[in-house]
Amino acid sequence: MGTSNNNQTGHNERQSEPGVVGAELELDVTNVAHGGIFVARHEGRVVFVNDTLPGERVRVRLTDANKKSFWRAETVEVLKAAPERQPHVWAAAAVERAPQDRAGGAEFGHIELTHQRELKRQVLADAFKRMAGIETDVVVEAVPVGENASPGDELDGTGWRTRVRLHVAEDGRVGPYAARSHRVISVDDLPLAAHGVEMAAPLDEYFKGAASVDVVGPSTGRVQIVVAESDAKGKRVATPPRTIIERVGDREFQLDVSGFWQVHSSAAQTLTSAVQEAIDESLFDPRADNLDLYGGVGLLAAAVGDKFGSTTRITSVESDLRATEFAGENLSDWVGASAQTDRVDRFLGRIGREASAADRSRQQAATVVLDPPRSGAGKAVVDALAVLSPAQIVYVACDPVALARDIALFAAHGYQLQKMRAFDLFPNTHHVEAVALLTRQP
């Protein structure tokens, strides 16, 4: 299949010297790398390439040729397609468009869905082998789209996003950013979005002076449009509070419309079940100082409480005050549940320093669930948790490299990976979610 860009460069530029930004090369793509990019080589040097996949021969244009060890490039034409290539699920992001005009946010949309999951598995396995010295046979599991989705959505990985942020250009146009840039691209559809979100998105309206426009489709109630204004320096201004309700199974969670919630329509239920399944019941003590770190509005603390009963003792820790206030309300069913507003590293350091002998006993019997941001928990949090020495840790991660790094840090403190599951909560992107159980070794 020869897919060509309709904004090709002229003969002189195609023949320009390799190593110069703008120069074009023909490359064979060999494997996938973390971050939704792919690996080729030119005269021994690694070249990271977008919008392709292993097994393809592509013509690329260099976008960064300043590094000695690697270059970066964008695909401008597919010379030999891999059998797993498909027409992109989002025409606005397809290779047929000029690279600077390709919408970001669907960087795997040109790859057949089951092969996307295989590539994500490879990235996860490679990260664990390189960074933690662990061989893993984990598979990336498909996650059904919510009950209101079209049957076709599960076949092509569309219709799952319940939250979309549209950026605003200087003239007020809205749209996604172009891939790997802050340039707003006008689009006429949002195929990854849930249908209600896509229909409500004001793609043809102007919001001059705004910082962004969020379209939020909660599981209960109508779709919400949230316009964030910008101040005189162009920075986002906090939006007025507005409460929405998300339902997970038979339980309801209150949160602010601008607060964090999982974006896949089935993610909250999937992670609730996965965390409940991951916990080693033989190590769980409902009277211990159990913790839910980076707890948001209490989703995973509630998962623990629902599994082990109303007397479960658990503290949810979150740095966002508004989220913590909601968490306190959402966890009111459990006598021993509480929510604290604090940075996780500071909270852990404080309870470690101030612990009495009885506190230390409860800390060592504890189950800790942590769901950090994409950057992971990091060394300071891992070290502080290790001081508490909890019986087990359930780690929910959305970045395989950060997870593997932190697993290696925990291993240095005597914690071993017992099991792990991975979920395709972000179809047609490179992102993957994982839930891992670590236990303290004797």
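Two strands count as paired when DSSP finds at least two bridges between them. With that in hand, look at S8 and strand S10 (residues 210–216) in this predicted model: five bridges join the two, and they run antiparallel.

As for S8, the strand is mostly covered, with five of its six residues buried.

That brings us to the packing. The largest nonpolar core has 64 residues, and Trp90, Leu166, Leu190 and Val435 are the ones that touch the most other members. H5 supplies the largest share of this core, six residues. To see how Leu190 is placed, skip its neighbours within four places in sequence: Leu190 is then in contact with Trp90, Val164, Leu166, Glu198, Ala201 and Leu203. There is also a second, separate core of 34 residues, with Ala127, Leu370, Ile407 and Ala434 among them.

Next, the rings. Searching the whole structure turns up six aromatic pairs. Take Phe284 and Phe308: their ring centres are 3.7 Å apart and their planes sit at 15°, so this pair is stacked, the cut-off being under 30 degrees. Phe284 lies in the loop between helix H5 (267–278) and strand S14 (290–293), while Phe308 belongs to helix H6 (residues 299–308), so the pair ties together parts that are 24 residues apart in sequence. Phe284 has 10% relative accessibility and therefore counts as buried. Over on Phe308, there is a charge to consider too: Lys307 lies over the face of that ring, at 5.6 Å from the ring centre.

Another lysine worth a look is Lys67, found in the loop between strand S5 (57–64) and strand S6 (70–80). Its relative accessibility is 37%, so Lys67 counts as partly exposed. From Lys67 to Gly19 is 48 residues in sequence and 9.5 Å in space, C-alpha to C-alpha.

Finally, a word on confidence. The protein chain averages a pLDDT of 93, and 94% of the residues score at least 70. Residues 1–16 are another matter: the pLDDT there is below 50, and the stretch has 39 contacts in the model beyond near neighbours in sequence.

How values were computed: Residues are numbered from 1 along each chain as its sequence is written. This is a predicted model: local features need pLDDT of at least 70, side-chain atom pairs count only at pLDDT 80 or more; totals for chains, interfaces and linings use all residues. Side-chain values use heavy atoms; hydrogens and water are left out. Rings of Phe, Tyr and Trp (its six-membered ring) pair if their centres lie within 6.5 Å; planes under 30 degrees apart count as stacked, over 60 as edge-to-face and the rest as tilted. Helices (H or I, at least four residues) and strands (E, at least two) are DSSP runs, numbered from the N terminus. Buried means under 20% relative accessible area, exposed over 50%, partly exposed in between (1.4 Å probe, protein chains only). A charge sits over a ring if NZ of Lys or CZ of Arg is within 6 Å of the ring centre and within 35 degrees of the ring normal. pLDDT is the predictor's confidence in each residue, from 0 to 100. Contact means heavy atoms within 4.5 Å. A nonpolar core is a set of buried Ala, Val, Leu, Ile, Met, Phe, Trp, Tyr and Cys residues joined through side-chain atoms within 4.5 Å.
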